[in-house]
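Dear colleague,

Please find the structure below.

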Amino acid sequence: MAMGRRFSREPRGPQIRINHRIRVPEVRVVDADGSNLGVLDTGAALKRAAEQGLDLVEVNPKASPPVCKILDFGKYKYEEKKKQREAKRKQTVVEVKEIKLRPKTDDHDLNVKMRAARKFIEGGNKVKITCRFRGREITHPQIAQRQLAFFIQNTEDLANVEQGPGMEGRTMGLLLSPRPAVMQRLAQDRALREKERESGAHSSTSNEAPDEPEEDFDDDDDDDDDDDADE
């Protein structure tokens, strides 16, 4: 028995109708120079567009009658894609980076993690600081409180406390978010880079130094978890 074929298609966005794909009897027409030509018979609108060597493009199909504009459809598509790329570049994506601590994290490691937190915040990311308790460590929450206070104090020039220290199970956490001034600076830097790119100032990035790999700040104190077992 022959088996039916199955096709998997990705959903497609609304299709723009142009020229003879516009099948309604009449349309409201905007000329190439922006002037409103009013409601025309679709055939007459197509003839007017052809006389100018341009296309009749449906720009508002939900209107009654649909609104069409006489324009160069190829140029129109190019401009729309350019706008989409620019909008995407201007989007600010805020990630949440996590830095893990233990009550027994020493001062050296604490300072290393602090520098990482500042770097993340300067990059426009939120930072979640978590201190996880094991065994009887839970009876000394003041140690974690001091650690989180250390992070608040040493990032106050860059970050706001979005969520203050609080317990979640056997973990005490803190959430820091970049101050508006940090996000504004990043937006200005991004706009400057975009301006330089458009002016051709940066013809090649081959000589730029590669970004330094981010350090892994997972809980590095778990190797001796056996020492934390309840007595």
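**Findings**

Leaving aside neighbours within four places in sequence, Asp31 is in contact (heavy atoms within 4.5 Å) with Leu37, Arg48, Gln52, Lys69 and Ile70. The model is predicted: local features need pLDDT of at least 70 and side-chain atom pairs pLDDT 80 or more, while totals for chains, interfaces and linings use all residues. Residues are numbered from 1 along each chain as its sequence is written, and side-chain values use heavy atoms, without hydrogens and water.

Asp31 lies in the loop between strands S1 (26-30) and S2 (36-41); strands (E, at least two residues) and helices (H or I, at least four) are DSSP runs numbered from the N terminus. With a relative accessible area of 7%, Asp31 is buried (under 20%; exposed is over 50%, partly exposed in between, with a 1.4 Å probe and protein chains only). Its side chain makes a polar contact of 3.1 Å with the side chain of Gln52; such a contact is a pair of N or O atoms within 3.5 Å, where within protein one must be able to donate a hydrogen and the other to accept it, and residues adjacent in sequence count only if both atoms are side-chain atoms.

Arg17 is found in the segment before S1 and is partly exposed, at 36% relative accessibility. The side chains of Arg17 and Glu58 are joined by a polar contact of 2.9 Å. The C-alpha atoms of Arg17 and Val57 are separated by 6.3 Å, although the two residues are 40 apart along the chain.

Yours sincerely
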